[in-house]
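The points begin with one residue and then turn to the chain as a whole.

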Amino acid sequence: MLESADFVSIHIGIRAPDDPLFDAEFLSKMKSSAFLTNTSTPDAVDHRALAAAVKQRQISGAALDVHPTHPLEPKSPLLGLSNVILTLHIAGATDETIQRHSEMMVENLLAFARHEEIPFLVNPAVLGIAND
């Protein structure tokens, strides 16, 4: 299927930085007119191999919303490539998402100020409590 796909969109969990699933071997199996997108985790893709594949027109281009560092290092091999789109991990930042995240933060702050259970607490250990 990879050899015939026009777009490959990555949606996987975190991987070890030294073991990217989408490496030079994987990219070599894509057709030259295909595009790769990654909005999941930066460790999924070997960025140097991707830059080489794009420069050599082994694939047509790429779009990345996640990067190994924030901000992206000035020496990144992906910078300056006309067929690569780089965003700042904001691909899902719709107006609705921004509104809901803002509401969640306010709810958390108000609950904290009232000494109530914090509804959207991700890491209860920071407060020394268990939040069911």
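**Note on the predicted model**

1. Thr41 is located in the loop that joins strand 2 (35-38) to helix 2 (47-55). Helices (H or I, at least four residues) and strands (E, at least two) are DSSP runs, numbered from the N terminus. The model is predicted: local features need pLDDT of at least 70 and side-chain atom pairs count only at pLDDT 80 or more, whereas totals for chains, interfaces and linings use all residues. Residues are numbered from 1 along each chain as its sequence is written, and side-chain values use heavy atoms, with hydrogens and water left out.

2. Is Thr41 buried or exposed? Thr41 counts as buried because its relative accessibility is 6%; buried means under 20% relative accessible area, exposed over 50%, and partly exposed in between (1.4 Å probe, protein chains only). Beyond its neighbours within four places in sequence, Thr41 is in contact (heavy atoms within 4.5 Å) with Ile12, Gly13, Ile14, Arg15 and Val66.

3. The protein has 3 helices and 4 strands, in the order β-α-β-α-β-β-α from the N terminus. Its radius of gyration is 19 Å, well over the 14 Å that the globule rule gives for 132 residues, so the protein is more spread out than a compact globule. The radius is taken over C-alpha atoms, and the rule is 2.2 Å times the number of residues to the power 0.38. The C-alpha trace spans about 60 × 35 × 30 Å along its principal axes.

4. Of the 132 residues in the protein, 30% are buried. Among contacts with a separation of 6 or more, 55% are between residues 24 or more positions apart.
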